[in-house]
Amino acid sequence: MRDLSQIVKAYDVRGVVPDQWDADTARALGAAFARVTGATAIVVGRDMRPSSPGLSRAFAEGAAGQGADVTEIGLASTDELYYASGSLDLPGAMFTASHNPAQYNGIKMCRAGASPVGQDTGLAEIRALVEEGVPAFDGKQGVIKQQDVLPGYAAYLRSLVDLTAIRPLKVVVDAGNGMGGHTVPAVLEGLPLDVVPMYFELDGTFPNHEANPLDPKNLVDLQAKVRETGADLGLAFDGDADRCFVVDEKGDPVSPSAITALVAVRELEKHPGATVIHNLITSSAVPEIVREHGGTPVCTRVGHSFIKQEMAVTDAVFGGEHSAHYYFRDFWRADTGMLAAMHVLAALGGQDGTLSALVADYDRYVQSGEINSEVADQAAAAEKVRAAYAGQPGIVVDDMDGMTIGGDDWWFNLRPSNTEPLLRLNVEAKDATTMAALRDAVLALIRG
């Protein structure tokens, strides 16, 4: 019996190759995916990691062995796979480990129309079927074929955000040797943009830096290049290019909450009164700005499955997360860093000011960023924090996702990790002094 406990996560499959999984595992997962989705046809994409061609082909063979026809789109970003799933109306599988180091690989799976597959929406069934042994299929084998969807993906994004009439902009793009090097030229070619490419060579060994822009050290090269070239802004994509981080003309990072607010304002101009989703650790500025522009903000737990589910329930036009995942109703409610980047380019290029000035009103508070603390007893540490704050006048406690405690001009959220003995702290306040004092006080309780 095959044990998948090490590689099946809450939303995807991920682990070290070949130590934790290999082509045989991928083949079994492909067979199980075809059976659980009931699909007669699926689409498969892959990133630039050395292990991706073999794993993705084995998965395709497993699905074909269960009678499903397979369309291989080859090298793709994750949002390009979502485009394929949405436009072809087929379940899909993307082979990527996103920002993880080179020895990792993984699979992000979705149903037709880019609808997510997670623990509660099929992943647990797929795991169980592989562990029990996928039954043999005695019908006609499926056919594996290839199709290039990159031109269609680029054209579709360009139909959603028109950049043809913006003023000329110089933009530095750091693809981190990931799939942005594949998609950015196709999407931005021929537009009034002077693109300065960094690390566009597809290389799954990540020779320059990790493809994880959430870590500040991986933005250093981009920031330096923006300043050196006098660019209007910089964009950094993660390994599978579904997330995009932005730096302004000074090389300073623009918070994903400010980007969420900027895109929300643009979407609300097109769809007055619409709902916008944000998770509970985005800045308080996001719901404020959504309301100011006539929209309805809705808060969710952290995690793409919660965002997508709430978007479906509320018919939200857009959703944003602190981790720089941006979700669009016009993109099958899936996340696409490229489309968010295009909104930023359109907003900046549609006026004469700098990006720092443009986002100033969207960046109203000071945030700590996520701070992890390793603790033996997560619950006990959290209760210590609750006891110190709950019950005080004017203090509000919310248990929607971990524990959020708020006062008049500050809040913090404390959430346990699902996979590690960690507590994750996010703090926001009206000014840096208040934020630092609150951060240090809470960390002292957690770690003391």
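User: Which strands are included in what covers the buried residues of helix 7?
Analyst: In this predicted model, the buried residues of helix 7, which spans residues 220-229, are Leu222, Gln223 and Val226. Seen down the helix axis, these buried residues fall within an arc of 100 degrees, so they line one face of helix 7. What covers them includes strand 8 (169-174), strand 9 (193-198), strand 10, strand 11 and strand 12 (253-254).

User: Which residue follows helix 7, and what is its phi?
Analyst: The residue that comes after helix 7 is Gly230, and its phi is positive. The value for Gly230 is near 65 degrees.

User: Is Arg243 buried or exposed?
Analyst: Arg243 sits in the loop between strand 10 (233-237) and strand 11 (244-247). Its relative accessible area is 4%, and since buried means under 20%, Arg243 counts as buried.

User: Which side chains make polar contacts with the side chain of Arg243?
Analyst: Leaving out residues up to four places away in sequence, Arg243 touches a set of residues that includes Asn212, Leu214, Phe237 and Gly337. As for polar contacts between side chains, one of 3.0 Å joins Arg243 to Asp238, and another, of 3.3 Å, links Arg243 with His99.

User: What span should helix 1 have, and what is the distance between its end C-alpha atoms?
Analyst: Helix 1 covers residues 23-37, and at 1.5 Å a residue its 15 residues should span 21 Å. The C-alpha atoms at its ends agree with that expectation, because they are 21 Å apart.

User: How many residues of helix 1 are buried, and what do they pack against?
Analyst: Helix 1 is mostly covered, with eleven of its 15 residues buried, among them Leu29, Phe33 and Val36. These buried residues pack against strand 1 (13-16), strand 2, helix 2, strand 4 (92-95), strand 5 (104-111) and helix 4 (123-132).

User: Which residue has a side-chain oxygen that reaches a backbone nitrogen at the start of helix 1?
Analyst: Beyond the other end, just after helix 1, Gly38 takes a positive phi of about 70 degrees. At the start of helix 1, the backbone nitrogen of Asp24 has a side-chain oxygen within 3.2 Å, and that oxygen belongs to Asp22.

User: How far apart in space are Met48 and Ser305?
Analyst: Met48 lies in the loop between strand 2 (41-46) and helix 2 (52-64), and it is buried, with a relative accessible area of 10%. In sequence, Met48 and Ser305 are 257 residues apart. In space, C-alpha to C-alpha, the separation of Met48 and Ser305 is 25 Å.

Methods. Residues are numbered from 1 along each chain as its sequence is written. This is a predicted model: local features need pLDDT of at least 70, side-chain atom pairs count only at pLDDT 80 or more; totals for chains, interfaces and linings use all residues. Side-chain values use heavy atoms; hydrogens and water are left out. Helices (H or I, at least four residues) and strands (E, at least two) are DSSP runs, numbered from the N terminus. Buried means under 20% relative accessible area, exposed over 50%, partly exposed in between (1.4 Å probe, protein chains only). A polar contact is a pair of N or O atoms within 3.5 Å; within protein, one must be able to donate a hydrogen and the other to accept it, and residues adjacent in sequence count only if both atoms are side-chain atoms. Contact means heavy atoms within 4.5 Å. The expected span of a helix is 1.5 Å times one less than its number of residues. The arc is that of the directions from the helix axis to the C-beta atoms.
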